[in-house]
Every structure is written in structure tokens, then in C-alpha cells.
Amino acid sequence: MKFFIDSADIEEIKHAAKMGWVDGVTTNPSLVAKSGKDFKTLITEICEFISGPVSAEVLATDYEGMVKEGDQLSTIAPNVVIKLPLTEDGLRATKYFFDQGVQTNVTLCFSPLQALMAAKAGATMVSPFVGRLDDVGTAGMGMVSEIRQIFDNYGYETEILAASLRHPMHVLDAALIGADIGTLPFKTLAQLVKHPLTDRGLEQFIKDGQNLKV
Ligand code: E4P
């Protein structure tokens with residue numbers, strides 16, 4: 001399973017990259033706005049030290065606008081992935097980028113059928129938003145499971161990028177289902193290696209180790 005960091009904070013992304021288990025980055029307009037940085041400068045900066053996929057989202061909502069913005073974003077670096085919304089125009093643009101050999105991440109997916117349509121349009125990745133479905137009282141992970149089944153039934157190569165994962169249980173469930181990628185905020189990424197028994201055991205070993213004759 002690949003892990004992407006869901007962040008537009010350069011320091012956080014650098015820290016995560018040093019940890020050694022980050023395979024890529026996803027950003028979204030809300031995260032970029034929070035960073036206070038110019039969008040293209042930020043994506044350029046991230047691509048200077050991240051060689052895996054870096055998702056950059058278009059702001060346009062019409063086909064022509066998405067193609068124009070995506071064409072510009074894809075000149076930043078070869079690992080930039082054009083992030084497009086799961087709408088009729090977004091899927092048209094997905095097909096356009098597929099024909100150009102440019103990678104895409106179809107975002108804001110909230111149903112298995114939407115994911116199927118993204119796969120049919122040639123999306124490289126599709127992002128089902130688990131946490132946001134949970135927020136409205138619907139089991140987000142059930143959607144990921146159904147997408148896995150549909151893609152396996154037909155052999156679609158579109159990768160399932162489980163998104164809006166907010167805690168380690170989300171990550172565990174996504175891994176058990178077989179999501180190809182999970183995108184996580186820095187905090188959740190760091191939580192994945194934590195266990196109180198590891199800390200307690202280490203503390204004891206250090207203490208006992210002091211009495212060893214060497
Ligand atoms: C993914 O690409 C999104 O940026 C992200 O996972 C959304 O997460 P949120 O619902 O916690 O904002």
C-alpha cells in the first residue's frame with residue numbers, strides 16, 4: 001500500500017519525506033489557501049524534493065478551463081498529477097489528459113458508480129472521500145470496498161486512492177480492503193508507528209540494559 005501525505009505545508013511534507021514512508025503528496029485548494037503560498041510556487045517547491053506523484057487541483061469547473069489549467073500545471077514537473085473533480089466536465093478532461101499521457105487524480109468521489117465512471121474515463125487514480133461520508137452518517141469505507149470489487153471484476157487499472165482518512169482505523173480498514181493508496185494528514189501518518197506497549201517495552205529495555213555487563 002502506498003501512502004501519500006495530504007498537505008500543503010512544506011515543513012510537514014519535508015518531515016514526512018524524511019520518515020521514508022511517503023510515496024507522494026495530495027493537495028487541495030483549501031490546504032493551499034491555508035499555506036498562504038502562491039499555488040504554482042508551492043507545487044514547484046514540493047516537486048523539488050518529492051519524486052512521487054504530486055496532485056495539483058484545477059480550480060476551473062468547465063472542460064476548457066480545466067484543460068487549460070491542467071496543461072499549465074503539467075509543465076511544472078513530470079510527477080505532477082492533475083486533480084479533477086468528479087463531474088461530467090471533469091471526466092471529459094480526464095479523458096483528454098489520458099490521451100495526452102498525463103496522470104490524473106479524480107477527486108470528490110462519493111459513490112462506487114462515480115468511481116466506475118472515473119475508471120472508464122481513464123483516470124490514473126480516483127479519490128473516494130471516506131471521512132466526509134462518515135461525517136454525514138454514511139459508511140465511507142463501504143464505498144471503498146465496493147469500488148475495489150468493481151475494479152477487480154473488470155480489471156480496471158485505476159488506482160483507488162482512499163482519501164479523507166482521518167485516523168489509524170481508517171488506514172487499517174483501507175489496507176484490509178486493498179485500497180492501492182491512502183492519503184493522510186501528517187498527524188495520522190505519524191500515529192501509524194505509535195504503540196504504547198512499544199514505548200513501555202523500550203523504556204524497560206533501556207533501564208535493564210544499564211545493568212548489563214559489557
Ligand atoms: C484528498 O485529496 C483530500 O485533500 C483530503 O483527503 C480531504 O480530507 P478531509 O475530508 O479531511 O478534508
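Select S164 and the ligand together: a polar side-chain atom of S164 lies 2.7 Å from an oxygen atom of the ligand, where a polar contact is a pair of N or O atoms within 3.5 Å (within protein, one must be able to donate a hydrogen and the other to accept it, and residues adjacent in sequence count only if both atoms are side-chain atoms). The model is predicted, with local features needing pLDDT of at least 70 and side-chain atom pairs counting only at pLDDT 80 or more, while totals for chains, interfaces and linings use all residues. Residues are numbered from 1 along each chain as its sequence is written, and side-chain values use heavy atoms, with hydrogens and water left out.

Which residues are around the ligand? They are D6, T26, N28, K83, F129, R132, A163, S164, R166 and T183, each having a heavy atom within 4 Å of the ligand.

Next, select residues 140–154, helix α8, and residues 168–177, helix α9, which pack at an angle of about 20° with their axes 10 Å apart. This makes α8 roughly parallel to α9, since angles under 35 degrees count as roughly parallel, over 145 as roughly antiparallel, 65 to 115 as roughly perpendicular and the rest as oblique. Helices here are DSSP runs (H or I, at least four residues), numbered from the N terminus, and axes are lines fitted to C-alpha atoms over the stretch in contact, with angles running from 0 to 180 degrees between N-to-C directions. To see the contact (heavy atoms within 4.5 Å), show M141, V144, S145 and R148 in α8 together with H170, D173, A174 and I177 in α9.

Move on to helix α1, residues 10–19, and helix α3, residues 39–49, which pack at an angle of about 15° with their axes 11 Å apart. That angle makes α1 roughly parallel to α3. Displaying side chains shows I10, I13 and K14 in α1 meeting L42, E45, I46 and F49 in α3.

Finish with helix α4, residues 63–73, and helix α5, residues 88–100; is their packing, at an angle of about 40°, parallel or oblique? With the axes 9 Å apart at that angle, α4 is oblique to α5. On α4, select Y63, M66, V67, G70 and D71, and on α5 select D89, G90, R92, A93, Y96 and F97, which together make the contact.

Methods:
Helices (H or I, at least four residues) and strands (E, at least two) are DSSP runs, numbered from the N terminus.
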